[in-house]
Structure formats: structure tokens, C-alpha cells
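Hi,

Here is the structure I promised to pass on to you. My notes on it follow below, and I hope they are of use when you open it.

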Amino acid sequence: MLNLNANVDVVVRVGAVATARTGYNVGLILGESTVIPSTERVRKYETLAAMLDDGFDTSDLEYLAAEKYFAQAPAPKEVMIGSKVGGQEAPEAWVEAVTACVDASDDWYALYCCGIETADILTVAAYIETLNNHVLFYDTSEETALAGDEGDVFSALKTLSYSRCIGLYSATGYAGAALMGFAMGANDGTVNSAYTLKFKSLAGVAPDSLTATQVSTIKTNNGNIYVTRGGVYSGIEEGVMANGDFFDHRLGVDQLAYNIQMGVSDLLYNTTTKIPQTEAGMTQLKTAVAAECERAVRTGFLADGIWTEPAVLNLETGDAIAGYVVQSEPIDEQPSADRDRRIAPNIYVSIKEAGAVHGVNIAVIVDR
């Protein structure tokens, strides 16, 4: 039987699958247990039971931290456990262990170190600051933090203006792991899921009874607290990094930058022909960028607003934008050297964050 291909030839092309986006809702808990060998360094777990099945004990610091991590609502779906190796005679430094974990796996965003001392927090924070896709969570119960004394970890990190570490004062053990658990669990990517840490409750963490002076001292040094207000509401305050930026800003910007990178890479790697060095080609690239910005609008990280920064190409100060504007330099003005090297003209992404309400002033006018 003669087939129909001579007259009607149908070619089926299946669209490429976009690369999976991972990591920005996963925390890494690093400890000194020997369950995970140095040759492997990190393992991923979805439950506490899986950790026990793998050889962890309920008294292990990693397990206790993971208890706080998984106890939050919404609960994170998974955790990575890292191993800090070395014997008593030549123990591995914390920053060496963190570096090894980064090299072993990049499928995590947040880090919590079990039993780490203040001096090592500063060293690890310095290393994390050199990365562009990780943050450090830590906790402290030291009296120096309450008084802002010399050696206080909050003031030390504030002085360094680190933007990738967030600390919580708490008398509850592993409170920093609980904070990390909430931060990772709440980042589920669904519509209107963008959040702020302020006011959020932490399961398994007791609110601290602090004086107004102690609260002021900690907040002045960009530390965070977990307290009860009005005898009713227990929540986190303020949810800031060591440099004073809010955590949701740090997370949102990091994740958007990553998604843009992945979205454009998907386009370049999955295009069977080529992206031409034309305005049409630039439109393809800008469309890929805009798709990731639109994702950030859906989650609530970006929103309509007025552009208050200096002008960017055709975007002027005072212009209204729908969360973002994606522009590129004209292809005709591209330097010949860049064109010969097949480099696209610069693309500019101007974004407007939705922000969050952390305080309200209300005037009550009474007519007698």
C-alpha cells in the first residue's frame, strides 16, 4: 500500500520542556553528625521519618532543627541536610563545610548551621555575602544582643552591612531553623503567595518577654524578635536582613533574577534555529524576560505603581508601570565588536515591588 507522504507529509515537533526551577523554597541544615559521609556531603529529605530511617537520631542537632523547620505552616516540602566533617583533632571549619555544601549541591537557598558560635557566624556570613543565590539564617540568645554590647552579633553584622544574613533573638533552641522553615514553606509560587515575615507566627517557638529598651536595641541593630503584642498576637518583628533590607525583598529579587536567567536560557537552548540579531530577535528575548516578570506579578511580588527612579531609556521618572518594563538598546546602535561576537544589545528590566504594610496610623474623629 502506498502511503500518503508523497502528497501530505506531516512532521510532528514536540515543544521543548522548560528547565525545572528549584531551590528557592529549600533550606539546608548543616551539622556535625556523621550520618552523611564527606564524599556525599548533602542529602535531601521530605520528612523527619526519612531522616530517622537514614540513621539520624532524635537527639541529633540536625534532627532537632529539622523538627522546627518542618513544624511551620505552611510547611516546607523538603529539607537538605549537610555534613560538617572532621575529627576532634582537626575539625573542619564552618566556612569550609558551607563551601563544600555549595559545591556539592546548589538546590537550596537558605542555610542554618546547628550549634554555630558567633565568630563562625561572622565568617560564614562573609562567605554567603559573596554568593548571589543564598542567604544565612541564624539565632542567638546571648545577653550581649539585648544590650547591644561589644561582640553582639547583630551590631557586628549591621556594621558590615551584609544583605544575605538574617538573625533572630530567641531563647528557644533552633528558632532560626523555624524562621527558615516558614520562609521556605511560604514560598510556594502560587498566585498572591508573596509574603512578609513580619507578624508571622512560628510553631514550636515561645515568644520572648522583652523590655521596650531591649526591643529597641535589637531592632536598631537590624536583629529580629518573636514577641507577643497586646497579650494576644505573637509574631516576628521586623523580618530584616543585617543591612536593614526586608527578607521578602531579598528573596523576591534573587528569585526573579534566577527565573529571568533560566527563562532566557530555555529560549536559547531550546530554539532549533537561532535568535537573529534583529529587533525581532530582541523581541523574542524580551518576551522571555517579560514572562518571568509576569510570574512575579501573579505571585504578588511586583505590582502597578509609579516609577520614581531615574529615567531608563524610554521610561521616565513619574511614569506609571504595570509592575515592570522590559526595554533594550536599539539593534542599529549596537557596536560592531559586539555584533561580531554575537552578543545581544543590553536589556533593561525596571521593576516595581508591591511592598507590604507593616504599620497603620488611624485617626478616630468623634462627634459628640
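A search of the whole structure, which is a predicted model, turns up seven aromatic pairs (rings of Phe, Tyr and Trp, the last by its six-membered ring, with centres within 6.5 Å; planes under 30 degrees apart count as stacked, over 60 as edge-to-face and the rest as tilted). One of them joins Tyr24 and Tyr258: this pair is tilted, with 5.1 Å from centre to centre and 40 degrees between the planes. The pair links distant parts of the chain, as Tyr24 lies in the segment before β1 and Tyr258 in helix α9 (residues 247-270), 234 residues apart. Helices (H or I, at least four residues) and strands (E, at least two) are DSSP runs, numbered from the N terminus. Both Tyr24 and Tyr258 are buried (under 20% relative accessible area, with exposed over 50% and partly exposed in between; 1.4 Å probe, protein chains only). Together with Tyr109, Tyr24 and Tyr258 form one aromatic cluster.

Why is the pair of Tyr69 and Phe70 edge-to-face? The ring centres of Tyr69 and Phe70 are 5.3 Å apart and the planes stand at 80 degrees, so the pair is edge-to-face. Tyr69 is buried, with a relative accessible area of 0%, and Phe70 is buried with 14%.

Tyr69 and Phe70 are also among the buried residues of α2, as are Glu62, Tyr63, Ala65, Ala66 and Lys68. Seven of the 10 residues of this helix (residues 61-70) are buried, so α2 is largely enclosed by the rest of the structure. The buried residues of α2 pack against β1 (27-31), β2 (42-45), α1 (48-53), β3 (79-83), β4 (110-113) and α7 (175-186); contact here means heavy atoms within 4.5 Å.

Of its 368 residues, 44% count as buried, and the C-alpha trace spans about 80 × 70 × 45 Å along its principal axes.

Two notes on conventions: residues are numbered from 1 along each chain as its sequence is written, and side-chain values use heavy atoms, with hydrogens and water left out. Since this is a predicted model, local features need pLDDT of at least 70 and side-chain atom pairs count only at pLDDT 80 or more, while totals for chains, interfaces and linings use all residues.

Best wishes
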